[in-house]
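This briefing covers a ligand site and the aromatic residues around it. Please look at the sequence and the structure first.

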Amino acid sequence: MRATRALIHLGRLKSNIAAVRAQVGPNVKICVPIKADAYGHGAVRVAVAAIRAGAAYLAVASPQEGIELRESGIVAPILLLSLPIPEELPIILEHRITPLIADAEFAREVAVVARETFEATGEQTAVHLKIDTGMGRIGCEPEDAAELADIVNRMRELKIEGTATHLAVSDSLDADDIAYTEEQIRRFTEALESIRKAGIDPGIAHAANSGGVALHPASWFDMVRPGILVYGYPPAPELADRVIVQPVMELETRIVFLKKAQRGQSISYGRQWKAERETTIATLPVGYADGLPRRLTNNARVLIGDREYPIVGRICMDQCMADLGPESHAKRWDRAVIFGPDPRGPSAEDLARQLETIPYEITCGINRRVPRVYLDT
Ligand SMILES: *Cc1c(COP(=O)(O)O)cnc(C)c1O
């Protein structure tokens, strides 16, 4: 057992999915993004818990992520959010991972690979059309959606199971951003209409990420794809009261060494921090190789018992030090929380704020050498 561990509170994951369910109502499907090893939480365990909590769909970013889920026995539909290269198509289809299609050329590539199965069994390969309504990443222009749908619809090997778009600023309360999101929703609605007018069923329509779930009911359509909300963080700090969720990941470690430092004594590489008075220093076996960014040096805190203490001196690759002050009662081997759901201590959002990033990057950055320990709480 390693001292530094990421506790994954699956009970909170389930209540976060329940909070999303309460927000969108009973008729909207929930697709849980499991990409990047479930935002660092561990893909397979999170996928199983998400399905038990009512997720209808899972989403991944790479074929390998989808294959990992399939090889663990997961049969739920899996959407591939990024466009693959043609060489990846055989393994994608073999594992029944649903690709997005954004143009006719790629549709033909998918159809060629799908042909063998279709001819042998008559089974069609499910695909989702992807429309770019303003994210500027992947997708066909909304005006071209009906034509693309028609091309795909004529391919006997393929079946349009859904139609998707992605929102660029759905997590912002800024008036221009709200107008931009509404315009994206309008364009998507028009594209769906044009597909229907061509006599084609666009299938499951989906657009909303966490920001859409929290702020834009018009973006919910038939399915939502909230990632960060399910992992327990609002998509932006201002949206904390829209859907109440709790962090799923808790990064904990233990005090492995305690010592007194004299006034003026320096701590860690570079000697940048010096004790201003006699104090107690705790050494923690967690560092930047575990995912505690070195740039947090002099800006991170740690929860020991019911109190927060500053991490002092440079964060090393595998260790860091905390200043417990002159009269701390902390003992060697005590538990120390780097971030977690406990409101008395730091959260991944606090760390993200210090680093001018988003909590996504903090949880995704927890290295694989940190064991994930799954709890029902
Ligand atoms: C990652 C991703 C999501 C989830 O985004 P959150 O901000 O975590 O809710 C939804 N849709 C697509 C296409 C994505 O790539």
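How far is a nitrogen atom of the ligand from an N or O atom in the side chain of H166? The distance is 3.5 Å, which is within the cut-off for a polar contact (a pair of N or O atoms within 3.5 Å). The model is predicted: local features need pLDDT of at least 70, side-chain atom pairs count only at pLDDT 80 or more, and totals for chains, interfaces and linings use all residues. Residues are numbered from 1 along each chain as its sequence is written, and side-chain values use heavy atoms, with hydrogens and water left out.

**Ligand contacts**
- The side chain of Y39 places an N or O atom 2.6 Å from an oxygen atom of the ligand.
- For K35, a polar side-chain atom is 2.7 Å from a ligand oxygen atom.
- The protein buries 91% of the 390 Å² that the ligand exposes when taken alone (Shrake-Rupley method, 1.4 Å probe).
- The ligand is surrounded by 13 residues (a heavy atom within 4 Å), and the closest are K35, Y39, S210, G227 and Y360.

**Aromatic residues**
- There are 3 aromatic pairs (ring centres of Phe, Tyr or Trp, the last by its six-membered ring, within 6.5 Å; planes under 30 degrees apart are stacked, over 60 edge-to-face, the rest tilted).
- Y39 and Y231 are stacked because their ring centres are 4.5 Å apart and their planes are at 25 degrees.
- One aromatic cluster is formed by Y39, Y231 and Y360.

**Burial**
- Y39 is buried at 6% relative accessible area (buried is under 20%, exposed over 50%, partly exposed in between; 1.4 Å probe, protein chains only).
- Y231 is buried at 0%.

Technical notes:
A polar contact is a pair of N or O atoms within 3.5 Å; within protein, one must be able to donate a hydrogen and the other to accept it, and residues adjacent in sequence count only if both atoms are side-chain atoms.
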